[in-house]
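Here are my notes for your first look at this model. Keep the structure open and find each residue as you read.

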Amino acid sequence: GASRAGGVAAGAAPGKTTARPRREVSIAARRKTKPAEIENCRVVVGGADGNSFVAAKGTSIRGSDADIGGGNELLEIKSESASYTRHMLLGFTLDAAPQSYSQVLLRIYANSIGGSNTLNFNEISFDWAESVRWNNAPASGSLAFSAPVTTANNDSWLEIDITEYVKGLDLAQQPNIAFCVSAATVMQNQPEFRFYSRESGYKPQIVFVNDGVTVTDIESPSVR
């Protein structure tokens with residue numbers, strides 16, 4: 001069987017459906033023992049609970065020091081003149097991260113992307129509150145990773161593979177990580193990018209993906 005949602009599950013071989021990131025999908029499957037029978041089953045993807053970590057905090061800061069920060073459903077990014085520039089800050093606590101995983105994804109949901117650009121994720125200290133302003137925000141450190149964005153990302157999850165970055169961390173000693181997210185290219189006369197915050201229904205999250213769950217036979221309409 002195979003799912004129409006290719007990012008959720010795929011037909012790996014006859015009689016096998018391999019699940020990908022942690023989500024749910026309904027799959028029409030044929031019994032191996034009774035080929036004439038077809039059933040719909042619900043596959044829950046991604047392994048044990050605790051592999052998904054919602055942002056512990058998040059806010060926006062603006063060059064004019066205007067208060068646009070924590071508590072809002074939308075976080076903003078813009079690269080323009082000093083007073084109009086906006087950065088998004090995100091912090092995560094990964095103290096229960098699994099030791100075994102095949103992939104790590106940073107997922108943020110785009111509300112509005114007005115053009116093509118690259119998002120830079122620079123490391124920052126975890127020592128800040130959502131009430132932080134531009135003038136007292138932690139200084140940006142090394143570039144951790146980056147990701148391209150276009151208008152095609154509007155109203156959808158932006159998934160960024162951060163596996164190699166996370167492999168270089170010692171989460172046992174330092175489980176708290178935080179980023180300042182900025183636009184690499186000046187956005188003159190373009191609207192700011194907006195992403196949903198942890199106060200919304202589309203919370204920023206880091207997901208540790210296991211190798212997947214392979215279904216080799218269907219014995220019930222509901223398979224977990």
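**Notes on the salt bridges**

1. Start with Arg194. Arg194 is partly exposed, at a relative accessible area of 26%. Keep in mind that this is a predicted model.

2. Look at what Arg194 pairs with. Its side chain meets that of Glu192 in a salt bridge, with 2.5 Å from N to O. Glu192 is buried, because its relative accessible area is 13% and the cut-off for buried is under 20%. Arg194, at 26%, is partly exposed.

3. How many salt bridges does the structure hold? The count is eight. Two more of them deserve a look.

4. Take Glu130 and Arg198. They form a salt bridge, and their closest N and O atoms are 2.8 Å apart. This pair links distant parts of the chain, as the two residues are 68 residues apart. Glu130 sits in the loop between β10 (117-123) and β11 (143-149). Arg198 sits in the loop between β14 (193-196) and β15 (205-209). Arg198 has 30% relative accessibility, so it counts as partly exposed.

5. Now turn to Lys167 and Glu164. Here the closest N and O atoms of the salt bridge are 3.6 Å apart. Where do the two residues lie? Both are in helix α1 (residues 163-167), three residues apart. That spacing means that about one helical turn separates them.

6. Step back to the whole protein. It has one helix and 16 strands. Of its 224 residues, 43% count as buried.

7. Check the contacts as well. Take those with a separation of 6 or more: 74% of them are between residues 24 or more positions apart.

8. Finish with the surface. The accessible surface of the protein comes to about 11,100 Å². Carbon and sulfur atoms account for 44% of that area.

Terms used:
Residues are numbered from 1 along each chain as its sequence is written. This is a predicted model: local features need pLDDT of at least 70, side-chain atom pairs count only at pLDDT 80 or more; totals for chains, interfaces and linings use all residues. Side-chain values use heavy atoms; hydrogens and water are left out. A salt bridge is a side-chain nitrogen of Lys or Arg within 4 Å of a carboxyl oxygen of Asp or Glu. Helices (H or I, at least four residues) and strands (E, at least two) are DSSP runs, numbered from the N terminus. Buried means under 20% relative accessible area, exposed over 50%, partly exposed in between (1.4 Å probe, protein chains only). Contact means heavy atoms within 4.5 Å. Accessible areas come from the Shrake-Rupley method with a 1.4 Å probe; for residues, only the protein chains shown count as cover.
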